[in-house]
Amino acid sequence: MGQDLCSSISGLHENIISAVLVNDGSIVQWKAGPGVKMPGQKEMEGIALQRLIMMSIAKAHQSSGNVHFNVTRYDEFDVLLFDLQQARKDALLLIVNVRRPYALESLAGGIMNIAKGA
C-alpha cells in the first residue's frame with residue numbers, strides 16, 4: 001500500500017524529488033525520482049524523526065484549527081509534511097520533497113486527496 005501511495009504522489013508533479021511514509025519514527029515506504037540519490041537508512045530515519053518532531057510542535061498549538069501540512073523552504077527545494085494520523089493506519093507522516101516551481105495549494109491538495117483515498 002505504501003509503495004503505491006508514494007508512487008502515486010511522485011507522479012503528481014515532475015518536480016517531486018521523493019515521497020517518504022513514516023510510522024513510529026521508521027520509514028515504511030519511499031519513492032525517489034529518477035537519478036535521485038537518497039541518504040542511507042540511518043540518516044533517513046534521523047531526518048524522519050526530525051520531521052516528526054517538527055509536525056508534533058506544529059500540532060501542539062492548533063488554536064487556529066487542524067494542521068493539514070507544513071512547508072520548510074530550503075535553497076534548492078521545499079519539504080512538505082503531511083499529518084496522516086487521522087487518514088491512515090500504516091503511517092503517521094508523509095514527507096514530500098519538491099523542487100520549485102510548483103503551485104503549492106494545487107500540489108498539497110492533490111497529495112492530501114491521494115493520501116486520504118489510498
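Visitor: How many bridges join β1 to β2?

Guide: Six, and the two strands run antiparallel. Keep in mind that this is a predicted model. β2 covers residues 26–32.

Visitor: And what stands opposite V22 there?

Guide: I27 in β2.

Visitor: Which residue in that hairpin takes a positive phi?

Guide: D24, with phi near 50°. The hairpin has two residues between its strands.

Visitor: What about β5, how many bridges join it to β1?

Guide: Six, again antiparallel. V22 has a bridge partner in β5 too, namely L93.

Visitor: What order do the strands take in the sheet?

Guide: The order is β2-β1-β5-β4-β3, in an open sheet of five strands with antiparallel pairing. β2 and β3 are the edge strands, each pairing on one side only. On average, neighbouring strands are turned by 15° against each other, direction ignored.

Visitor: Which helix packs on the sheet?

Guide: α2, residues 41–59. This helix touches β1, β2, β3, β4 and β5, and its direction makes about 65° with that of β4.

Visitor: New topic: N15. Where does N15 lie?

Guide: In the loop between α1 and β1.

Visitor: Last one: which residues of α3 are buried?

Guide: L107, A108, G110, I111, M112 and A115.

Technical notes:
Residues numbered from 1 in each chain as written. Predicted model: local features only at pLDDT ≥ 70, side-chain atom pairs only at ≥ 80, totals over all residues. Heavy atoms only, no water. Helix = DSSP H or I, 4+ residues; strand = E, 2+ residues; numbered from the N terminus. Buried < 20%, exposed > 50% of the residue type's maximum accessible area, 1.4 Å probe, protein only. Pairing = 2+ DSSP bridges. Axes fitted to C-alpha atoms, helices over the stretch in contact; angles between N-to-C directions. Contact = heavy atoms within 4.5 Å.
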